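The sequence and structure come next.

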Amino acid sequence: ALAQEAARIVEENRAQIEKPSRQTIGPVIAALAASGDAMADDILAAWADKRLVIRKSDGALFLAVSEGDGYALTGLDGTAAGTAAKGDLTELKPNAGVRGLIATALVQFTLSDPDRSKRAAALSSIAQDPTAEALDPLRAAIAGEDDPALKAQKERLERLLTLRFDPDSAARVAAIDSFGADLGL
């Protein structure tokens, strides 16, 4: 049932996706990220990378990857959809603010990526620019981490974000206390 969820969300919110506003697109991005559809992260990543395209002949939306003189197209459900020339496609180009919202949503997927280097890069990115929005995806990614070093990094970063962003003062105090005499702050 989840296999078509991301495609449905995109179609229902197509007008907002084609002309997104940072102030109004957040719920659409959140719905995609929370959909459970395996294509959701591909759609979000393609949109952020300006690879979400509209075929001019029929108005259909696709994910596009440069291939030779044109583009290989993939449907929003993950099926191959042939190729098209660049002139036959219109790229959707979200502004920097919208791309930032997409990047935040993609964190949850990157923190659980099978590739260890991508998980490590996501942790570095969060550490360099910590936000309250990264706290819940980070917490969700800790239990599934099988690399002991990355799990320790996730746990430490989660405590740092908790002491800064958690709305529960008891959780913030517990995070502060957990560092004890740690001089690495």
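A residue counts as buried when its relative accessible area is under 20%, as exposed when that area is over 50%, and as partly exposed in between. The model described here is predicted.

## Overall make-up

The protein chain holds nine helices and five strands. Read from the N terminus, the elements follow the pattern α-α-α-α-β-β-β-β-β-α-α-α-α-α. The C-alpha trace spans about 65 × 35 × 30 Å along its principal axes.

Of the 185 residues in the protein chain, 36% are buried.

## A loop residue with positive phi

Lys50 lies in the loop between H4 and strand E1, the latter covering residues 52-55. Its phi is positive, about 60 degrees, although Lys50 is not a glycine.

Is Lys50 buried, exposed or partly exposed? The relative accessible area of Lys50 is 34%. Because buried requires a value under 20% and exposed a value over 50%, Lys50 is classed as partly exposed.

## The sheet

In which order do the five strands stand in the sheet? The order is E4-E3-E2-E1-E5, in an open sheet with antiparallel pairing. Strand E4 (80-85) and strand E5 (89-91) are the edge strands, and each of them pairs on one side only. From one strand to the next, the twist averages 45 degrees.

Strand E3, residues 70-74, pairs with E4 in the antiparallel sense, and the pairing runs over four bridges. Gly70 has Ala85 in E4 as its bridge partner, and Ala72 stands opposite Thr83 of E4.

Five residues lie between the two strands of this hairpin. In the hairpin, Gly78 takes a positive phi near 95 degrees.

## Packing of H3 and H4

Two packed helices are described by the angle between their axes and by the distance between those axes. For helix H3 (residues 26-34) and helix H4 (residues 40-48), the angle is about 140 degrees and the axes are 8 Å apart. The crossing of H3 and H4 is left-handed.

On the H3 side, the contact is made by Ile29, Leu32 and Ala33. On the H4 side, Ala40, Leu44 and Trp47 take part. What is the make-up of the residues in the contact of H3 with H4? Six are nonpolar, with no polar and no charged residues.

## Packing of H7 and H8

Helix H7 covers residues 135-142 and helix H8 covers residues 148-165. Their axes come within 9 Å and cross at roughly 150 degrees. Because angles over 145 degrees count as roughly antiparallel, H7 is roughly antiparallel to H8. The crossing of H7 and H8 is left-handed.

H7 contributes Leu135, Leu138, Arg139, Ala141 and Ile142 to the contact. H8 contributes Lys151, Lys154, Glu155, Leu157, Glu158, Leu161 and Thr162. The residues in the contact of H7 with H8 divide into six nonpolar, one polar and five charged.

Methods
Residues numbered from 1 in each chain as written. Predicted model: local features only at pLDDT ≥ 70, side-chain atom pairs only at ≥ 80, totals over all residues. Heavy atoms only, no water. Axes fitted to C-alpha atoms, helices over the stretch in contact; angles between N-to-C directions. Left-handed = near helix turned anticlockwise from the far one by under 90°. Contact = heavy atoms within 4.5 Å. Nonpolar A, V, L, I, M, F, W, Y, C, P; charged D, E, K, R; others polar. Buried < 20%, exposed > 50% of the residue type's maximum accessible area, 1.4 Å probe, protein only. Pairing = 2+ DSSP bridges. Parallel < 35°, antiparallel > 145°, perpendicular 65-115°, else oblique.
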